[in-house]
Amino acid sequence: MFALSSLRRQRAALAFIFVTAVLDIVAMGIVIPVLPGLIEDFVGSNARAGIINGVFVALWAAMQFVCSPIIGSLSDQYGRRPVILISCAGLSIDYVLMALAPDLWWLALGRIIAGITSSSFTTIYAYMADITEPEKRARAYGLIGAAFSGGFVLGPVLGGFLGEFGPRVPFWAAAGLSGVAFLYGLFVLPESLPPEKRMKFGWARANPVGALILLRRHTELSGLAVVNFLLYFAHHVFSAVFVLYAALRYGWGPAEVGLLLALVGVLDMLAQGVLVGPVVKRFGDRATMVFGLFGGTVGIALMGWAPTGLWFIFAMLPNALWGLAMPTLQSLMTRRVGEDEQGQLQGANMSVASIAGVASPLFFGWIYSISAGEGAVVPHPGLAFFLAAAVLLLAALIGWAVGRRAEREENVAV
């Protein structure tokens with residue numbers, strides 16, 4: 001009877017965090033189709049908007065770099081639930097600010113606040129580590145990845161539709177959804193970290209540099225952190241240039257971009273929510289991670305080459321295999337630390353992702369500015385996608401080497 005009750009509580013907690021994640025991501029996804037266009041309205045140039053959008057993404061990531069380990073460590077001491085609730089409330093207020101933004105400076109402030117409040121994604125992953133056994137975490141992270149993907153299915157479609165009524169309308173809708181997520185969590189979301197498993201907050205662990213020290217404790221953990229960095233670096237080509245690239249090369253507006261991003265979300269949801277479990281069971285975490293990275297490499301390279309919108313859509317199929325990499329990478333890393341350090345680990349992971357998020361949008365925004373439009377230094381707007389594919393290929397090779405080294409160490413230990 002006790003085991004059955006515990007199982008029911010675990011399933012309920014999983015359902016609650018799944019819904020909370022979906023609501024948060026829908027709110028974020030709504031603004032994706034319209035934010036670059038709003039920036040372009042302010043600056044009056046597609047190529048210049050690429051640089052500014054890259055700067056905005058970098059600002060968001062810089063705030064995550066600073067705040068993620070702090071928030072992760074706070075959740076280790078005070079629990080996951082209050083951190084998630086504060087984040088949802090903060091995001092709601094932030095979207096109102098961006099809806100009212102009269103100029104780029106207001107938008108920049110909005111991106112800074114969004115970077116701080118969305119740092120609680122580290123807490124969502126720590127929450128999952130709290131309620132699942134180590135051998136089941138790849139599937140659990142796959143479900144959270146599917147929740148994120150589901151949010152990106154609904155969000156961009158809704159944002160593209162609402163964007164037809166005005167570029168600021170989606171921001172009001174995002175504010176409302178974040179408010180709903182806050183209320184849902186306030187009344188439904190249970191705490192996952194019992195008091196006896198909590199760790200006292202300390203600045204030595206909570207500052208970004210201190211958090212990153214955790215990643216040096218094991219050779220495999222350090223190598224996987226490099227893979228994590230490269231994965232996020234490549235992924236930010238979409239947040240930095242995709243909307244502008246799609247408008248320039250294929251003539252797609254907010255509605256078309258929203259539908260395409262929804263299709264990306266559906267494919268990613270299938271990869272993380274359906275494929276991860278059986279593939280990991282058959283081949284293991286490491287092989288699944290490497291296979292996913294190779295699939296993403298092929299897909300993103302094809303996106304940069306695609307001469308028509310139809311070819312770009314076809315390229316999304318191999319690119320969807322990328323969804324196999326993140327949950328297995330997370331699973332491999334969580335096995336290397338104790339229960340009381342899961343929040344710190346996720347904070348360190350988010351710091352690594354944030355470093356990539358600062359450098360990558362600036363890099364890809366600059367690459368797009370010199371490869372798109374009239375007078376381009378390198379006249380091919382898909383150049384940023386080719387370079388992202390090269391980065392992802394490097395991640396796959398490093399992941400393969402790290403996994404092979406780890407297997408040898410485990411065999412020696414046995």
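Predicted model: local features only at pLDDT ≥ 70, side-chain atom pairs only at ≥ 80, totals over all residues.
# Notebook: rings, charges and holes

I started at Arg282, whose charged end sits over the ring of Phe283, 4.9 Å from the ring centre.

**Entry: rings**

I then looked up ring pairs. A pair of aromatic rings is described by the distance of the centres and the angle of the planes. My tally for the structure is 18 aromatic pairs. One of them joins Phe229 and Phe233, with 6.0 Å centre to centre and 40 degrees between the planes, and I logged that pair as tilted. How far apart are Phe229 and Phe233 in helix H11? They are four residues apart in H11 (residues 219-250), so about one helical turn separates them. Phe229 is partly exposed, at 26% relative accessibility. Phe233 is buried, because its value of 13% falls under the 20% cut-off.

I moved on to Trp252 and Phe312, an edge-to-face pair with 6.0 Å centre to centre and 85 degrees between the planes. Where do the two partners lie? Trp252 is in the loop between H11 and helix H12 (254-283), while Phe312 is in helix H14 (residues 309-319), so this pair ties together parts that are 60 residues apart in sequence. I checked accessibility here too: Trp252 and Phe312 are both buried.

**Entry: charges**

Side chains of opposite charge can pair when their charged atoms come close. How many salt bridges did I get? The count came to two. In one, the side chains of Arg80 and Asp76 meet at 2.9 Å, N to O. I found both Arg80 and Asp76 to be buried. In the other, Asp130 meets Arg80 at 2.7 Å, N to O. Asp130 belongs to helix H6 (residues 121-131) and Arg80 to helix H4 (residues 80-99), so the Asp130 pair ties together parts that are 50 residues apart in sequence.

Asp130 comes out as partly exposed, because its 23% is not under the 20% needed for buried. Put together, Asp76, Arg80 and Asp130 are linked in a network of salt bridges.

**Entry: cysteines**

I searched for disulfides and got zero. Cys67 is buried, with a relative accessible area of 13%. Cys88 is buried as well, at 0% relative accessibility.

**Entry: holes**

Last, the empty space. Rolling a probe the size of a water molecule over the atoms shows where empty space is left. I searched the whole structure and found two cavities of 30 Å³ or more. I followed up the second largest cavity, which has a volume of about 50 Å³. Which residues line the second largest cavity? I listed Thr122, Tyr125, Asn228, Tyr232, Gln330, Gln346, Asn349, Met350 and Ala353. Sorting that lining by element, I see H6, H11 and helix H16 (342-371) each giving two or more residues. Which element gives the largest share of this lining? H16 does, with four residues.

Conventions:
Residues numbered from 1 in each chain as written. Heavy atoms only, no water. Disulfide = S-S within 2.5 Å. Buried < 20%, exposed > 50% of the residue type's maximum accessible area, 1.4 Å probe, protein only. Phe/Tyr/Trp six-rings, centres within 6.5 Å; stacked < 30°, edge-to-face > 60°. Lys NZ or Arg CZ within 6 Å of the ring centre and 35° of its normal. Salt bridge = Lys/Arg side-chain N within 4 Å of Asp/Glu carboxyl O. 1 Å grid on protein atoms, 1.4 Å probe; cavity = no way out; pocket = protein on both sides within 12 Å on 5 of 7 lines; lining within 4 Å. Points joined across faces, edges and corners; volume = space filled by probe spheres on them.
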